[in-house]
Amino acid sequence: MKNHIIERVKDYIRAPFAFPGGYQKVLVMSDGAVLCHACAADNFRLIVESTRNQVPLDQWAADYVDLFLEGEPEQCEHCYATIHAAYCECQECEPGDEPGDEPEEVNQ
Ligand SMILES: [Zn+2]
Ligand SMILES: [Zn+2]
C-alpha cells in the first residue's frame, strides 16, 4: 500500500498531467496540503521517508495522487504556486468571461 503511493508520487513527478487528456493531477499530503510536481520532485526523498515511516504531523507524508478536474485553484504548500484544475474557471484560466474589467465612469 505504501509502496503503491510512492509509485504514484513518482508517476506524478514524471507526468504531472494525466495521459491521455492532459488533465492536471495533484499530490495530496496526509495533512491535506497539496504539493506541486516541482516540489514533489525536489523533496522526493523526504516524501519517501515520511511516507514509509509516518509520524503524526509529518508534513512530507503523501496521502494520494488524484486527478484535479474541477474546483477552486489549489496552492502548493511549499512554493505557493497555484495549481489550476483541468476545468478551472478562474479569471486566469477563463479570461474574457467578464466584460466589466474596465473601470467604471463615475462622473456622469
Ligand atoms: Zn510547489
Ligand atoms: Zn484557473
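In which sense do strand 1 and strand 3 pair, and over how many bridges? Strand 1 and strand 3 pair in the antiparallel sense, over five bridges.

This is a predicted model, in which local features need pLDDT of at least 70 and side-chain atom pairs count only at pLDDT 80 or more, while totals for chains, interfaces and linings use all residues. Residues are numbered from 1 along each chain as its sequence is written, and chains are lettered from A and ligands numbered from 1 in the order in which they are written.

The protein has three helices and five strands, taken as DSSP runs (H or I of at least four residues for helices, E of at least two for strands) and numbered from the N terminus. Along the sequence these elements follow the pattern α-β-β-α-α-β-β-β.

Three of the strands form an open sheet in the order 2-1-3, with antiparallel pairing; two strands count as paired if DSSP finds at least two bridges between them. Strand 2 (34-35) and strand 3 (62-67) are the edge strands, each pairing on one side only. The bridges of strand 1 (residues 25-29) to strand 2 number two, and the hairpin of these strands has four residues between them, where Gly32 takes a positive phi near 90 degrees.

| Residue | Bridge partner | Strand of the partner |
|---|---|---|
| Val28 | Val34 | strand 2 |
| Met29 | Ala62 | strand 3 |

Buried residues (20 or more other C-beta atoms within 10 Å of their own, the C-beta atoms being placed from the backbone) make up 19% of the 108 residues in the protein.

Contacts, defined by C-beta atoms placed from the backbone and lying within 7 Å, join Leu27 to Val9, Tyr12, Val34, Leu35, Ala40, Ala62 and Val65, when its neighbours within four places in sequence are left aside. Of the contacts in the protein between residues at least 6 apart in sequence, 59% join residues at least 24 apart.

Key. Contact = placed C-beta atoms within 7 Å. Buried ≥ 20, exposed ≤ 12 C-beta atoms within 10 Å, placed from the backbone.
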